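This note sets out several points for a colleague who is reading the model alongside the sequence. Each point takes up one feature and the residues that belong to it.

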Amino acid sequence: MTLQHLWDFIRAQDAYLQSPFFPVLFSLTVYLGFCLSFIVLDLLSSKVALLRQYRIQQKSQGSWSMMWCCLAQSLYNHLLYIFPLTVLHWYWRPVSYPTQAPGLFRLVWNIVACLLLFDFQYFVWHLLHHKVPWLYQTFHKVHHKYTATFALTTEHSGAWETLSLGFFAAVNPLLLGCHPMTEMLFFVLNIWLSVEDHSGYDFPWSTHRLVPFGLYGGAPHHDHHHLKFKSNYAPYFTHWDKLFGTLHSN
């Protein structure tokens, strides 16, 4: 299927795309869909040693009560904060969709650019919220409730953190003039990488093993951050932590 065919199919769902409910439902569906695969793995790994060997912290695993707590926090943030904001955005800035799909090179280039920009924004935000005690205690501490990560810890955060990182993700495609299709694919990829970061698993096919030269940290990189708190502040790539001397390699 070409990009144009895919874009034509997406545009054919106009009734859904134009709904004020679409952004929050899209975000939640993609997020929970990605989390579900790791929840199944968590259930199986407690009984299957072959899977358990890929757990980063093999003696720690999320319980049902912990998962429900994270899910409730995520739903609360989406319903109380994200949904009203997306409705206001829908009202003030109606979305229009061009007929032409983006070119493949432009699409890939813009997605990579959005990821790199988000990675920088998150690194600065994250570093500040660890180095300034008031910011950590007031806003970021809730995300560090669990020192052993599992998929649903991805969005276990307070309102300020949820809105800040959501703002970065939403504004970057606008700043870079991305096509709406590029924007959607960036959102999907960004959510996947965030969930994978918090999954607690290190598989042979994990993203950090596919990206060469240690440029990408992945789940081991971020799991160590949750365990020790004092290193690995960038969400995805390793260059900012290397530059600032905050990288811890496993």
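Helices (H or I, at least four residues) and strands (E, at least two) are DSSP runs, numbered from the N terminus. This is a predicted model, in which local features need pLDDT of at least 70 and side-chain atom pairs count only at pLDDT 80 or more, while totals for chains, interfaces and linings use all residues. Residues are numbered from 1 along each chain as its sequence is written, and side-chain values use heavy atoms, with hydrogens and water left out.

1. Annotated spans. The unreviewed UniProt entry lists residues 20-44, 65-92 and 104-125 under "transmembrane region"; its positions are given in the numbering used here, feature names are shortened, and annotations may be inferred rather than shown by experiment. In the model, residues 65-92 are 100% helix and 0% strand, with the end C-alpha atoms 40 Å apart. Residues 104-125 are likewise 100% helix and 0% strand, and their end C-alpha atoms lie 31 Å apart.

2. Packing of helix H6. Two packed helices are described by the angle between their axes and the distance between the axes. Here axes are lines fitted to C-alpha atoms, for helices over the stretch in contact, and angles run from 0 to 180 degrees between N-to-C directions. The axes of H6 (residues 104-131) and H9 come within 10 Å and cross at roughly 45°, and the two helices are therefore oblique. With helix H8 (residues 159-175), H6 packs at about 155° with the axes 9 Å apart; H6 and H8 are therefore roughly antiparallel. Angles under 35 degrees count as roughly parallel, over 145 as roughly antiparallel, 65 to 115 as roughly perpendicular and the rest as oblique. H6 crosses H9 in a right-handed sense, and the crossing of H6 with H8 is right-handed too; a crossing is left-handed if the near helix is turned anticlockwise from the far one by less than a right angle, and right-handed if clockwise.

3. Aromatic pairs. The whole structure holds 24 aromatic pairs. The ring centres of Tyr54 and Phe203 are 5.2 Å apart and the planes stand at 45°, so this pair is tilted. Rings of Phe, Tyr and Trp (its six-membered ring) pair if their centres lie within 6.5 Å; planes under 30 degrees apart count as stacked, over 60 as edge-to-face and the rest as tilted. Tyr54 lies in the loop between H4 (49-52) and H5 (64-92), and Phe203 in the loop between H9 (180-198) and H10 (207-210), so the pair ties together parts 149 residues apart in sequence. Tyr54 is partly exposed at 24% relative accessible area, whereas Phe203 is buried at 7% (buried means under 20%, exposed over 50%, partly exposed in between; 1.4 Å probe, protein chains only).

4. Ring pairs join Tyr54 and Phe203 with Phe34, Phe38, Trp192, Tyr201 and Trp205 in a cluster. Over the ring of Tyr201 sits the charged end of Arg55, 5.0 Å from the ring centre; the criterion is NZ of Lys or CZ of Arg within 6 Å of the ring centre and within 35 degrees of the ring normal.

5. Backbone at two loop residues. Most residues other than glycine have a negative phi. Phe213, in the loop between H10 and H11, has a positive phi of about 65° and is exposed at 72% relative accessible area. Asn232, in the loop between H11 and H12, has a positive phi near 55° but is buried at 0%.
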